[in-house]
Amino acid sequence: MVKAQVKGLSMQSEGSWSTPASDGTWPSSTAGSSVVPYSHTGSPSPGLKRSYSVSNAMDPHLTPAPKLRGDIILEVFTHQSLRFPGAPSNEEYGDNVRLSLLGDKILETAVTFTLFSKRPMLTSDDIVRRRDEILSLENIQNWIVGYGFREKVRCTPDALATLDTPKEARLLFSSYVGAVYIQNGMETVQSWIGRLVDPDYENPAIGADEPYAYKRAKTEPMGSPPPNPSMQPPPPMNPPPPLPMNPLAPAQPTAAFLPLFNQTANQRRLTVEYPAQFSGPAHAGRWTVQCIVNGIEKGQGNGPSKQLAKEEAARQAYYAMGWAPRA
């Protein structure tokens, strides 16, 4: 008899689950336990395409489902009826509801990609329509019965009747898909779901660098040599405006420094600030203005008005920056 043991649970091939006794041994049945396995009686609904076995043996027509390992099996097949309020959840996976949220999107993506890869190429409307047909409740129930997933669910006796509901069926299958994705990645999920929904599906060719054989924009590898100077882009068509005329040129003997300094600094992409302070009585005070270029003081002016002080600060900064004519 084949047995699977997962963190405080034991599953036998007949589908019976049990918990360990106080001495650490595993009983052969679940007699006396309030936790019961799901037992499917009767036959599948007449609308299903195939009649599946109600035993734990998988239907031979189905693509084998990837196997799960470790504690995540417990999370997938433990019903919410056994999770009492305040019970600690798995620190890595949470519970089957969290896994189903992930698995639902992964399942939809896998089916969409299968249809996207199909040839002749399907239109976007055909992909959406066929995806909805594939993910119908009838097919979800079909897969659950075929894989024998319900026989592995542990729940309280009063929750048995809910296992056949559409909500529980979709949650169970999606949580299994989410668990497969967590442990094995998207490539395994895609291979499984692709063959499950389309017997003719073949995985796209996988190259050394690309997960799928679709052409993608080539990216520059890290540590690549600098580009050849001869391959630099050409200069812009419109050259930058010329620098302002020399303020000490004979044609401009009385030109103001402030607008010339600001224009020159702007053309050179420099940041200029003019912090100002006032001191003295209101009727006879004086202004002190600094000219700060990229955070460094380059000039300081004083005067009876703020404008005159600012002009003096700009004049000093103009010389300090070396923009004035040389003797």
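In β8, which residue is the bridge partner of glutamine 277?

Modeller: The structure is a predicted model, in which local features need pLDDT of at least 70 and side-chain atom pairs count only at pLDDT 80 or more, while totals for chains, interfaces and linings use all residues. Residues are numbered from 1 along each chain as its sequence is written, and side-chain values use heavy atoms, with hydrogens and water left out.

The partner of glutamine 277 is threonine 288, in β8. This bridge belongs to an antiparallel pairing of strand β7 (residues 276-279) with strand β8 (residues 286-293), which are joined by 4 bridges. Strands here are DSSP E runs of at least two residues, and helices are H or I runs of at least four, numbered from the N terminus; two strands pair if DSSP finds at least two bridges between them. The hairpin of β7 and β8 has 6 residues between its strands, and glycine 280 takes a positive phi near 95° there.

Leaving aside residues up to four places away in sequence, threonine 188 touches Pro66 and Val180, a contact being heavy atoms within 4.5 Å. Alanine 65 is 123 residues from threonine 188 in sequence, yet their C-alpha atoms are 9.8 Å apart in space.
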